[in-house]
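Here is a friendly note to read alongside the model. Keep the 3D view open and turn it as you go through the points.

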Amino acid sequence: MEQMKELEELVELLDTKQYTKLRQYLAELNEADIAALMEELEEEDMLKVFRILPKDLAADVFSYLDVDNQQMIITSLSDREAASIINNLMADDAADLLEEMPANVVKKLLANANPEARRDINHLLRYPEDSAGSIMTVEFVDLKENLTVAQAIERIRKVGVDSETINICYVLDAQRKLLGTVALRYLLLSENDEIIGDIMHENVISINTLMDQEEVARQFKKYDFTAMPVVDNENRLVGIITVDDIVDILEEENTEDMEKMAAIVPSDKPYMKTGVWETFQKRIPWLLLLMVTSVFTQAILTSFEDALSVCAVLTPFIPMLMGTGGNAGGQASVTVIRGLSLGEIEYRDVPRIIWKEVRVAIICGVCLGIANFAKVLLFDHLGMMVALVISLSLVAVVFLAMIVGCILPVGAKRIGLDPAVMASPFITTIVDALSLLVYFQFAAMILKI
C-alpha cells in the first residue's frame with residue numbers, strides 16, 4: 001500500500017516535470033525502494049528517473065535493479081555516464097553486471113572505466129563461475145599489525161567510504177598474508193596507543209577463492225558471520241564475501257535445485273522473462289528421457305497381459321500402488337537431498353540412512369497395508385486373497401520406494417552428479433516399474449495366475 005502511494009507521487013512529479021522536487025523526494029527514499037519503484041515504470045520514464053538521481057545514489061540504486069533493466073540503462077547512457085556507474089559500483093556488482101552483458105558492451109565499459117575499477121573487475125572475472133572468487137568484493141579495510149588504534153581509525157576514515165563493510169577490518173603482513181581480524185567496536189573501545197597486533201583476533205576462518213559458492217553459503221550458516229575473508233592458496237587476502245551476497249546465492253541455488261527436482265534444465269532467467277521456445281528447450285530433454293525409461297513399465301504390463309485378463313479385478317489398483325510408491329520414494333529422496341545440500345549427510349552415512357529408512361518404511365508400509373486391507377474388504381467387497389495381494393504389494397512397494405529414494409541421491413553425489421537430479425520424476429519412473437513387478441509376483445504366488 002505504501003509503495004503504491006510512493007509510486008503515484010513519483011509519477012505525478014514526473015508527469016508535471018517537477019524534476020527538482022522529484023530529486024529531493026527520491027533522495028529521502030531507500031535505494032532498494034527506489035529501484036522497486038523504477039521497475040514499475042515504462043523504460044522511458046525509468047531512464048528519466050535514473051538520470052535525475054544524484055551520481056552516488058544512482059550507482060546504489062542501479063545495483064538493486066534486475067539484469068534486464070541494468071542492461072537497458074547502461075546501453076542507453078553515454079560512455080561517460082555508463083563509466084561513472086561502473087566506477088561507483090562495488091566491484092562484485094560490476095563484475096556480475098559485465099558477465100551478463102554482450103562482449104561489445106563489456107569492452108566499451110571497461111575501456112571507459114577508471115584503471116582501479118578496471119583492475120578490480122578483471123580480477124573478479126578471471127575466477128571460475130560460481131566460485132568464491134567470482135562473487136567476492138575487493139573493497140575492504142586492511143590494516144597493518146604495527147599500527148596503533150588511532151592510526152587504524154584514521155585509515156578507516158580514509159578508505160571506509162569505498163569499502164563494502166567496515167565492521168570487520170583485516171590485518172595483513174607485508175606480503176598481504178592474513179594475520180587476523182579486528183572488529184570496529186573493539187577499536188572504538190580500545191585506547192588510542194594500543195597496537196593492532198595486540199588486540200586482533202588471530203584465529204581467522206577464511207574461504208579459498210576456488211570454493212564453490214554453495215559451500216561458501218554453508219560456511220556462513222555454520223559460523224553465523226556477516227562477512228568472511230577470501231584467500232588464495234598462499235593465504236593472501238584477495239577479497240571478502242558479505243552476507244548480502246549469500247542471500248542471492250541461496251536464492252539461486254534453491255531455484256536451481258527446485259528446477260532439477262522437477263526434471264527441468266536450470267535457467268538463469270525469471271519465469272515471466274523466459275520465452276515459450278526457451279522454456280520448451282529446458283523441459284523437453286528430461287521429458288524425453290523419462291518417456292523412454294517408461295518403456296520398462298510398458299514392457300512389464302505387456303508381459304503380464306494374460307494374467308490381467310484372467311484376474312481383471314487387479315487392474316484398478318495399479319495406479320494406487322504406483323502413486324503411493326512414487327510419493328514414498330519422493331519423500332525419502334527430498335529428505336536426503338536436503339541433508340546433502342546442508343552438509344548433514346556424507347557418503348559414509350549410507351548404512352545409517354538405509355537402516356533408518358528401513359524402519360520408517362516398515363512402519364509406514366504396514367500402516368498403509370492394514371488400512372488398504374480393510375478398505376478392499378469393507379468398501380470394494382473383494383475376496384480375502386485379492387485384498388492380501390494388494391496389501392502385501394503395497395507394503396513391499398513402500399519399502400522398496402523409500403530405499404531407492406534414499407540411496408539414489410547419495411549415489412549421485414558420490415559420482416559427482418547433483419543429488420537434486422535424482423528427485424521425484426526420476427525416482428517415480430523407477431518405482432513404477434518395481435511396483436508392477438512386485439504386484440504381479442504377489443498375484444502369481446497367492447492367486448496362482
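1. **What you are looking at.** This is a predicted model, so please read every value here as computed from predicted atoms. Residue numbers count from 1 along the chain as its sequence is written.

2. **A sheet to start with.** Find strands S1, S2 and S3, which form an open sheet in the order S1-S2-S3 with mixed pairing. S1 (142-144) and S3 (178-183) are the edge strands, and each has a single partner strand, so one side of each lacks a neighbour in the sheet. From one strand to the next, the twist averages 35°.

3. How do S1 and S2 run relative to each other, parallel or antiparallel? They run parallel, and three bridges join S1 to S2 (residues 168-172). To see a pair of facing residues, look for Lys-144, which stands opposite Leu-172 in S2.

4. Asp-142 and Arg-176 form a salt bridge, with their closest N and O atoms 3.7 Å apart. This pair links distant parts of the chain: Asp-142 lies in strand S1, while Arg-176 lies in the loop between S2 and S3, 34 residues apart. Asp-142 counts as buried because its relative accessible area is 12%, and the cut-off for buried is under 20%. Arg-176, at 33%, is partly exposed. Arg-155 belongs to the picture too, as Asp-142, Arg-155 and Arg-176 are linked in a network of salt bridges.

5. Now move on to S4, S5 and S6. These three strands form an open sheet in the order S4-S5-S6, again with mixed pairing. S4 and S6 are the edge strands, each pairing on one side only. S4 (residues 207-208) pairs with S5 in the parallel sense over two bridges. Ile-207 stands opposite Val-230 in S5, and Asn-208 stands opposite Val-231 in S5. On the other pairing, S5 and S6 (residues 237-242) are antiparallel, with five bridges. Here the bridge partner of Ala-227 is Thr-242 in S6.

6. Why is S5 described as largely enclosed by the rest of the structure? Five of the five residues of S5 (residues 227-231) are buried, so the rest of the structure largely encloses this strand. Both faces are covered: Ala-227, Pro-229 and Val-231 are buried on one side, and Met-228 and Val-230 are buried on the other.

7. S5 and S6 form a hairpin with five residues between them. In the turn, Asn-235 has a positive phi of about 65°. There is also a salt bridge to look for, in which the side chains of Arg-236 and Asp-232 meet at 2.9 Å, N to O. Asp-232 counts as buried at 16% relative accessibility, whereas Arg-236 is partly exposed at 33%.

8. **Another salt bridge.** How many salt bridges does a search of the whole structure find? The search finds eight. One of them joins Asp-349 to Arg-352, with the closest N and O atoms 3.6 Å apart. Asp-349 is buried at 12% relative accessibility, while Arg-352 is exposed at 63%.

9. **A nonpolar patch.** Ile-362, Val-366 and Ile-370 form a nonpolar patch on the surface, and together they have about 270 Å² of accessible area. Val-366 sits in helix H21 (residues 350-378). Its relative accessible area is 39%, which makes Val-366 partly exposed. A general rule is handy here: an α-helix has 3.6 residues a turn, so residues three or four places apart point the same way.

10. **A length check on helix H22.** H22 (residues 384-414) has 31 residues, and at 1.5 Å a residue it should span 45 Å. The expected span is 1.5 Å times one less than the number of residues. Just after H22, look for Gly-416, which takes a positive phi of about 95°.

Note on methods:
Predicted model: local features only at pLDDT ≥ 70, side-chain atom pairs only at ≥ 80, totals over all residues. Heavy atoms only, no water. Patch = residues over 30% accessible without salt bridge, like charges linked within 9 Å, V, L, I, M, F, W, Y side chains within 5 Å. Areas by Shrake-Rupley, 256 points an atom, 1.4 Å probe, with all protein chains shown as cover. Salt bridge = Lys/Arg side-chain N within 4 Å of Asp/Glu carboxyl O. Helix = DSSP H or I, 4+ residues; strand = E, 2+ residues; numbered from the N terminus. Buried < 20%, exposed > 50% of the residue type's maximum accessible area, 1.4 Å probe, protein only. Pairing = 2+ DSSP bridges. Axes fitted to C-alpha atoms, helices over the stretch in contact; angles between N-to-C directions.
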